[in-house]
Protein chains: 2
Amino acid sequence: MSQLLTEVPQELAELLPAGLHALCQTSAYKKGARLFAVGDKPVVMFFIGSGEVVLERQGIHGESIVLQRSRHGFVGEASLRSARYHCDGRVTAPSEITRVPIRDIQAAMASDPAFSTRWIGMLNRELKRLRLQCERLSLNRVQDRLMHLLETEGQQGSYPIGSGVKSLAAELGVTHEALYRCVLDMEKKGLLLRERGQLKLLTGAPGACGQ
Amino acid sequence: MSQLLTEVPQELAELLPAGLHALCQTSAYKKGARLFAVGDKPVVMFFIGSGEVVLERQGIHGESIVLQRSRHGFVGEASLRSARYHCDGRVTAPSEITRVPIRDIQAAMASDPAFSTRWIGMLNRELKRLRLQCERLSLNRVQDRLMHLLETEGQQGSYPIGSGVKSLAAELGVTHEALYRCVLDMEKKGLLLRERGQLKLLTGAPGACGQ
DNA sequence: CGTACTTTTGAATCGCATCAAATCTGGTGG
DNA sequence: CCACCAGATTTGATGCGATTCAAAAGTACG
C-alpha cells in the first residue's frame, strides 16, 4: 500500500462534507492485504474506489464464510459506532481505497444534519441490498441464485466476475465447482454469456423482478 | 385494528425526540393484517411493540420468500426515504404496533442531530443483524442454521418460536418438514429443548460464536 | 360438528457438497 | 527463455441431506 492520490473519489466527495475531504487518504492496496480483523477497533472507514474487498468470518469448522463482497463504496458501514469489528476485511483484487477517520465523521454529523441524512440514505441502500442478498440465499438452486444476482445487482444483466469465480461462488454461498457447472450449463442453454470477466444474462426470460 | 393506547413504548420513546411522541398512534393489529404491500408509498413507519410481522416477497414461482421476521422494533427501516415499498408487510400474530409519520421523522432529523445519530445507531444494528442472517443462510444444513439462530439471536440460547414453526422455517429458508425433523432429531440427541413456545439450546457444545 | 390450518410422519427424487484429479494460468527464479 | 510452482479452473464419481409429494393426526375457531 503506497500513498498515491490526494484526489477524493467523486461519489465519496458528494457524500462527505467539504471539510472532511482534506482528511481522506487514498492508497493503492495489493491483493491479499487486510484492512482489519475480527476484534480490531474501528478507527477509519474504508471507501473502495475500485477493486474488490470481502468481509468474511471463520465458520466453526474453519471454513471462511463470505458476508459481503464489495467493489465500490464503504466497507463495513455498520462499524461507525462499533467498539470492535465482527468480521475480517480482506482485499481480493488490486484496489484503490480511501480512508476517512471515524472521529471526524462523527464530529461532522453532530453539526451537519444534511450529512447525517446522506449517511442514512447510504445505510438504507445497504439495508435493501442485504435484504436482497438474504432473498437470494434463500433460493436453493445455484441457477436461481445466480440469475437473482444478475437481475438485482447487474447492470443491464451484466455482472463482473471480479477476482475469480471462486469469490463469486463464496458470495452466492455455493461451492465453486457447483458454480462452474451451473455457468457451463446455462451457457449451453443460451441463457448466459461469459466474456471479458463479465457474466451477461441473455434475455430469454424477462422475469426481472425490479428492485 | 383499534385505537388503544396513547402511551408510546419505552424503547421507541427513547429513540424519538419528545416532540414526536404526540404524533405516534398505537393500535392492536390482528393476525393476518397487512401493514403495506409492494408498491405502496411509505407514509408512516411501523414500530412493533409486541407481536410478530414478516416482510415477504413473492418469488418467481409464486412462493413467498420471507425477507425478515420481526417481533420488536421498526419494520422496514430502509423505507424512510423510499418512494415505494419493495416487499409486503404482514402481521402474523396479534400485535401492538405504533405508527409514526415519516415526514415528521424527517423534519425532526433535520433539526436534531442527536436524533439522527440514534437513528444511525439503529440502522447499524439492523445491518449487523442482516449480515448475521446472510451468514446463517450460507450454512447448508438445517441444524447449523438453527443453532446459528439460537446462538446469535437467542436470549441465553432460548428463542421464541413465535407464530408457529412454519414461519420459523421460512425465516431459516428451509421447508417446515425439514425443520420439524431437525428439531425432533436434536431433541432426541439432547441438544435442544422445546417448551412453552421456546426453543432452548442445551449446553452440549459451547461453540457460541459471540457477536 | 365441521372447516381450516398446523403439526407430524413417510417415501422417492434431485441437486449440491464432497473428494479426487487433471488442466490451465500467471508469476518467479534459474 | 524455460522450468517450475501456487493457485485457479475444469471435469468426474459418489453420497448425503433437503426438497417434494402425499397423507394422517392434531388443534383452534366459529
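Two residues are taken to be in contact if their C-beta atoms, placed from the backbone, lie within 7 Å. By this criterion, in the predicted model, B:Phe46 touches B:Leu35, B:Phe74, B:Val75, B:Gly89, B:Ile97 and B:Arg99, with residues up to four places away in sequence not counted. B:Phe46 also belongs to the largest nonpolar core, which comprises 104 residues. Within this core, A:Phe46, A:Phe47, B:Phe46 and B:Phe47 touch the most other members.

Chain B can be superposed on chain A with an RMSD of 0.0 Å through a turn of 180° and a shift of 0.0 Å along the axis. The two copies are therefore related as by a two-fold rotation axis. Both copies use the same surface, in that 97% of the contact residues of chain B recur in chain A.

The contact between the chains involves 35 residues from chain B and 34 residues from chain A. On the side of chain B that touches chain A, strand 5 (64-70), helix 3 (102-111) and helix 4 (113-137) of chain B each supply at least two residues. Helix 4 of chain B gives the most to this side, with 17 residues. The composition of this side of chain B is 16 nonpolar, 12 polar and 7 charged residues.

Within chain B, the axes of helix 5 (residues 142-153) and helix 7 (residues 176-188) come within 10 Å and cross at roughly 75°. Helix 5 of chain B is thus roughly perpendicular to helix 7 of chain B. Helix 5 of chain B contributes B:Val142, B:Gln143 and B:Leu146 to the contact, and helix 7 of chain B contributes B:Ala178, B:Leu179, B:Cys182 and B:Met186. By class, this contact has 6 nonpolar residues, 1 polar residue and no charged residues.

Technical notes:
Residues are numbered from 1 along each chain as its sequence is written. Chains are lettered from A and ligands numbered from 1 in the order in which they are written. This is a predicted model: local features need pLDDT of at least 70, side-chain atom pairs count only at pLDDT 80 or more; totals for chains, interfaces and linings use all residues. Copies are superposed by least squares on the C-alpha atoms of residues with pLDDT of at least 70 in both. Axes are lines fitted to C-alpha atoms, for helices over the stretch in contact, and angles run from 0 to 180 degrees between N-to-C directions. Helices (H or I, at least four residues) and strands (E, at least two) are DSSP runs, numbered from the N terminus. Angles under 35 degrees count as roughly parallel, over 145 as roughly antiparallel, 65 to 115 as roughly perpendicular and the rest as oblique. Ala, Val, Leu, Ile, Met, Phe, Trp, Tyr, Cys and Pro count as nonpolar, Asp, Glu, Lys and Arg as charged, and the others, Gly among them, as polar. A nonpolar core is a set of buried Ala, Val, Leu, Ile, Met, Phe, Trp, Tyr and Cys residues joined through C-beta atoms within 7 Å. A residue is buried if 20 or more other C-beta atoms lie within 10 Å of its own, exposed if 12 or fewer, and partly exposed in between; C-beta atoms are placed from the backbone.
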